[in-house]
Amino acid sequence: MNGHYLASAACGLQNVQATTYSGAVTCITHVTGIFTDLGGMISAKFRVGPFDKRKGLLVSLIIAGFTVGGSLGVYLFELFKFQALYIPALICVLLTLPYSLYNAKPAN
């Protein structure tokens, strides 16, 4: 049962990481909303003109990440069962530590 709580917490942390790193207001654990954003951006291009390339790239990378990550997750779960969850946890830590150090403000 604790695994469900930890997985939910991990989704929240992943959302915070993505919005903090990119500065975008995009929740990345809700893939249906991402497709809605991309569809709205494409239709806006045909109606009014400008297409936000930065957000379009971010949304496209998130969709690709879901596709690749989901496929890889299934494969790794077959190999390692629940221990496969250590792999994305390690990736998050490896991405968070350098960013935290880079973003740390020196003390006066």
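What follows is a close look at one helix and its place in the chain.

Mentor: The model is predicted. The protein chain contains four helices and zero strands, in the order α-α-α-α from the N terminus. The part to examine is helix 3, residues 53-80.

Start with its length. Helix 3 has 28 residues, so at 1.5 Å a residue it should span 40 Å; the C-alpha atoms at its ends are 38 Å apart, which agrees.

Then the buried positions. Gly-56, Val-59, Ile-62, Ile-63 and Leu-76 are the residues of helix 3 that are buried. For the chain, 16% of the 108 residues are buried.

Ile-34, Leu-38, Val-59, Ile-62 and Ile-63 form the largest nonpolar core, of five residues. At least two of its residues come from helix 2 (31-47), and at least two from helix 3. Helix 3 gives the largest share of this core, three residues. In soluble globular proteins, nonpolar side chains tend to be buried together.

Finally, the setting. Among contacts in the protein chain with a separation of 6 or more, 50% are between residues 24 or more positions apart. The chain exposes about 8400 Å², and 72% of that area is supplied by carbon and sulfur atoms.

Methods. Residues are numbered from 1 along each chain as its sequence is written. This is a predicted model: local features need pLDDT of at least 70, side-chain atom pairs count only at pLDDT 80 or more; totals for chains, interfaces and linings use all residues. Side-chain values use heavy atoms; hydrogens and water are left out. The expected span of a helix is 1.5 Å times one less than its number of residues. Buried means under 20% relative accessible area, exposed over 50%, partly exposed in between (1.4 Å probe, protein chains only). Contact means heavy atoms within 4.5 Å. Accessible areas come from the Shrake-Rupley method with a 1.4 Å probe; for residues, only the protein chains shown count as cover. A nonpolar core is a set of buried Ala, Val, Leu, Ile, Met, Phe, Trp, Tyr and Cys residues joined through side-chain atoms within 4.5 Å.
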